[in-house]
Amino acid sequence: MKKIISTRYIIKIGILMIFALFLTACAPEEPEKRIPKIGIIIPAPAFQPAVDGFISGMAELGYIDGDNIIYVMGQNASPAPPDLLTAAQSLVEQGVDVLVPVSNTATEAAIAATDTIPIVSAFAMYTVELGYAESLAKPGGNYTGIDIGPVLPRRLMLLLELYPQMKRIYIPYQAGYVTAEASLPILRPLAEQLGLELVVEGFNTMEEAQAGLTTIPDDVEAIFTLPDIMIGSQMLGDWASAAIERGIPHVHQVLPQVGLLFAYGPNSFVNGSQASRLVDQILKGANAGDLPIEIGEFYLTFNLNTASALGIEIPDSILLRADEIILAEEESE
Amino acid sequence: MYSKLRYRLTVLLIGLSVISMIAVVTVIASRTYNDLIDSSFDELTSAGLHGGDLISTSINERINELTLLGDVYNFSQLPLPEQTSLLNNMLVARNFYEQIAVLDLNGQERLRVARFDIVFEEDLFDYSSSDFLQTILTTRAVQISDIVVSQQTGEPLLRIGVPFFDLRRGTINAVIIADFRFRVVWDIMADLQSKITRPISVFLTDTTGNLIAHANPSVVLRNIVFEFPERHGETQGLDDMPAFTVVSELSIANTTFLIVAQETVNAALQPVFEMLRNSAIVTVVALIIVIAVVIAVVARIVEPIENLAGVAKSLGQGDFAVRAKVAGRDEIGDLGRVFNEMAEAIEYRDKVQIVKLEKQLVEIEEARNRAERADQVKSSFLASMSHELRTPLNAVINFTRFVIDGDVGPVTEQQIDLLTEVVGSAKHLLNLINDVLDMSKIESESLNLFVEDNIDLESLLKSSATTGQSLIADKPVNLQVAIEESLPLVRGDKQRLFQIFLNVVSNACKFTEEGEIVIRAHQEGEEIIVSVSDTGPGITPEDQEMVFEAFKQTSTGLRQGGGTGLGMPIARSLAEAHGGRLWLQSEYGKGAVFYIAIPIKADELVPV
């Protein structure tokens with residue numbers, strides 16, 4: 001039977017089809033997008049909730065670790081500023097796209113390490129007063145973040161609402177710690193207006209602070225701790241216990257479960273999540289200095305166990321404000 | 001090349017393919033384009049409406065909860081500490097407000113709670129001159145202000161004013177002014193933005209176009225004034241890129257906002273661009289394949305036709321052995337077979353024709369041979385007969401002269417006259433024989449010229465004139481000779497040249513009864529033109545050609561008698577043998593002129 005299609009013809013068509021497939025395969029592919037890296041600096045485990053909140057917020061915005069985002073944790077040997085600076089510099093050298101410091105000291109380390117890489121502080125106080133930003137509305141430079149500063153006045157007022165006759169308040173703090181030192185100038189005029197006497201004592205070392213637990217002035221009516229690492233974080237429970245022993249309330253901004261009467265302050269997990277929105281904007285091209293600093297959301301938590309131990313009945317009208325109430329005999333982990 | 005079938009067919013098929021592909025892609029792209037635009041506007045409308053719902057819900061909820069203070073708690077009748085506690089609860093628990101103040105009818109703050117500040121009595125404001133308060137008091141309705149910025153936090157605030165009414169009098173007895181944290185709206189927009197899969201941007205403006213809420217707060221801080229689209233649906237986006245835009249009104253209390261949903265044209269039509277890009281790649285690939293296939297297919301179609309054309313050309317050139325390549329059972333294959341059959345038929349017929357021609361050639365050859373032999377026989381006959389005829393004629397002429405001369409005895413006058421007639425007739429017969437012999441040689445192309453150079457035509461012409469004079473001795477005819485001086489000497493056969501001139505002159509003398517005969521000769525280029533003009537009867541046009549036909553005489557000639565009808569044909573043939581010509585010009589009744597052109601040195605004549 002005569003061949004209908006010659007072999008040479010088939011070979012020609014075959015070569016052409018292979019060439020066509022080759023052309024299709026060579027069609028320009030979309031350039032592989034670089035996965036952005038986020039460098040996180042946390043001075044102490046106490047700030048982990050802020051990091052968890054940040055990563056959770058980023059996940060809600062569609063960023064999956066390892067897939068389209070990479071988190072690089074700063075390796076700082078201690079919460080001391082020099083170690084934080086070293087960690088920040090290391091992250092800069094690793095080419096991170098955004099730095100997310102958690103705490104004022106971490107923020108200062110990040111600001112010292114770079115003036116080009118965007119910095120989004122997930123947890124900082126007094127960012128304008130301390131010079132991190134020009135203003136809350138327009139921070140400028142390469143900085144923005146969450147400011148949890150203006151919480152102290154409200155906390156003080158709430159204490160006075162519960163104890164309207166209070167006159168002397170004891171304020172132990174970590175001497176030299178930036179946020180603690182920045183809080184005092186805010187509290188002092190307010191206390192004067194309210195007719196309060198503030199008994200302020202700064203401790204340089206943990207040993208001094210330990211010793212201080214036993215030398216709380218007799219006539220103070222409450223302990224009001226400030227945001228720092230030593231007193232306000234590492235030794236918070238000790239001071240809360242000491243307060244209960246003395247029969248006086250101890251209030252702070254976080255961690256009411258350690259024995260505080262109430263905590264009114266930022267929820268670091270929520271603040272971290274707030275910071276994720278800012279990071280998202282930056283990754284989409286916004287300039288950090290153009291993004292307004294957000295005020296952190298504040299949460300009020302009452303510990304009725306402590307209230308019971310102190311023999312105080314918290315009025316319903318005030319309890320209504322609480323975001324969370326630790327019920328009596330309910331132990332939190 | 002461009003007229004070639006292969007080229008035209010290839011271009012046509014490829015062109016049709018390209019046009020088809022482009023048409024398909026265009027139709028699909030056009031439909032996709034329109035669908036995408038519709039889809040974009042649908043999404044934009046949906047996003048705008050959804051965003052508007054969320055924002056209006058949020059703000060209306062604030063208005064409701066503030067209104068609830070009056071409706072449920074009879075707020076204005078509560079003692080100040082309770083009012084303070086209630087507002088603090090609201091402030092702290094809800095996180096929606098920057099501060100909440102209670103005003104009396106004079107516009108004086110009675111209390112204010114703030115999110116961050118402790119408000120002392122000396123910090124209370126006086127709103128008495130505030131237009132905002134006056135509007136509330138006048139309208140007795142909830143009012144919303146323009147966006148203001150918090151001095152402390154830099155956050156945008158929307159001031160909501162709610163009047164509280166005395167239950168019994170129905171009059172306003174207090175006004176609550178709450179600064180709603182407008183960043184809640186920003187958060188709503190950010191949340192909405194994050195849930196929209198398309199690259200749609202949703203933002204809020206006031207009626208003058210000032211941007212007041214956007215998922216990206218930094219955009220708001222750029223103080224952008226949005227220019228509402230002049231043409232429905234398309235405008236410049238916030239990033240100055242062309243964008244599809246849907247604007248919806250959002251009315252809350254006394255204030256109207258505009259919620260704008262935008263999608264850049266590029267983003268909306270990205271699928272079309274990608275489709276076009278992919279289509280372009282596929283089209284190019286397909287085109288390459290189509291071109292190759294078309295070339296191959298056209299070759300398969302055209303090659304047999306080209307082969308047939310080549311075969312036809314070869315047939316036309318006489319090559320009947322060539323055959324077309326026959327492949328396939330289609331019409332072209334059939335054509336090839338028919339072509340081959342035709343070629344075979346032509347070849348066969350050609351062969352038959354060749355055989356016939358060969359046979360004819362043989363016959364012709366034989367006929368030729370016979371003719372040659374006949375001609376030879378005729379020439380021999382004529383030569384021998386000429387000799388056999390001349391010899392006795394010469395004897396008759398000579399012997400008759402002897403008798404006329406009295407060489408054989410006395411003769412009477414009467415005898416002399418009769419014998420002179422005999423001599424004349426014999427001479428005439430002798431001339432006739434000579435002419436017939438010459439004509440025979442001419443017709444058989446066996447006339448040989450004795451060619452020599454430097455022949456003096458003048459002397460020949462004069463000699464012929466002398467001879468002619470004798471023919472017109474008894475007629476009133478004047479014979480003149482007018483020959484150009486220094487007439488060049490010519491190459492030719494002297495005897496034959498004299499014969500030409502003698503024939504022409506004799507002809508003129510024969511037919512001219514009165515008048516004159518003039519013999520002229522002059523050089524004209526490389527020829528000598530001899531003319532013999534007479535005043536004879538002239539020759540009609542019908543007779544002019546007959547003059548030069550053998551054995552033919554004109555009617556005048558016939559009437560004159562005494563001719564053989566060979567003189568002029570012989571003269572013309574002899575002139576042409578010399579490379580010249582002989583012709584005449586005549587008008588009947590007005591004489592005739594005979595012209596003879598003789599080349600001075602004809603190349604074809606070779607002197608002996």
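Let's start in chain B. Strands β12(B) and β14(B) run parallel, joined by seven bridges. Two strands count as paired here if DSSP finds at least two bridges between them. Helices (H or I, at least four residues) and strands (E, at least two) are DSSP runs, numbered from the N terminus. In this pair, A482(B) sits opposite R520(B) of β14(B).

A word on ground rules. This is a predicted model, where local features need pLDDT of at least 70, side-chain atom pairs count only at pLDDT 80 or more, and totals for chains, interfaces and linings use all residues. Residues are numbered from 1 along each chain as its sequence is written, chains are lettered from A and ligands numbered from 1 in the order in which they are written, and side-chain values use heavy atoms, with hydrogens and water left out.

Next pair. β14(B) meets β15(B) in the antiparallel sense, over eight bridges. Here I519(B) faces V532(B) of β15(B). The hairpin of these two strands has two residues between them, and G525(B) takes a positive phi near 75 degrees.

Move on to β17(B). Strand β15, residues 527-534, pairs with strand β17, residues 592-599, both of chain B; the sense is antiparallel, with eight bridges. I529(B) stands across from A597(B) in β17(B).

Now the whole sheet. What is the order of the five strands? It goes β12-β14-β15-β17-β16 in chain B, an open sheet with mixed pairing.

Helix α10(B), residues 457-471, touches β12, β14 (515-524) and β15 of chain B, and its direction makes about 175 degrees with that of β12(B). Helix α14(B), residues 567-577, touches β16 and β17 of chain B, at about 130 degrees to β16(B). Axes are lines fitted to C-alpha atoms, for helices over the stretch in contact, and angles run from 0 to 180 degrees between N-to-C directions.

On to the interface. 43 residues of chain B are in contact with 41 residues of chain A, contact meaning heavy atoms within 4.5 Å. The two chains bury about 3,400 Å² between them, 60% of it on carbon and sulfur atoms. Buried area is the accessible area (1.4 Å probe) that two parts lose on being put together, summed over both. V92(B), F116(B) and I118(B) supply 17% of the area chain B buries against chain A, more than any other three residues.

What about charges? The count between chain B and chain A is four salt bridges. A salt bridge is a side-chain nitrogen of Lys or Arg within 4 Å of a carboxyl oxygen of Asp or Glu. One such bridge joins E294(A) to R183(B), with the closest N and O atoms 3.0 Å apart.

Last stop: over all chains, the structure holds 30 salt bridges. R246(A) and D218(A) form a salt bridge, 3.8 Å from N to O. That pair links distant parts of the chain, 28 residues apart: R246(A) lies in helix α9 (236-246) of chain A, and D218(A) in the loop between α7 (206-212) and β8 (222-224) of chain A.
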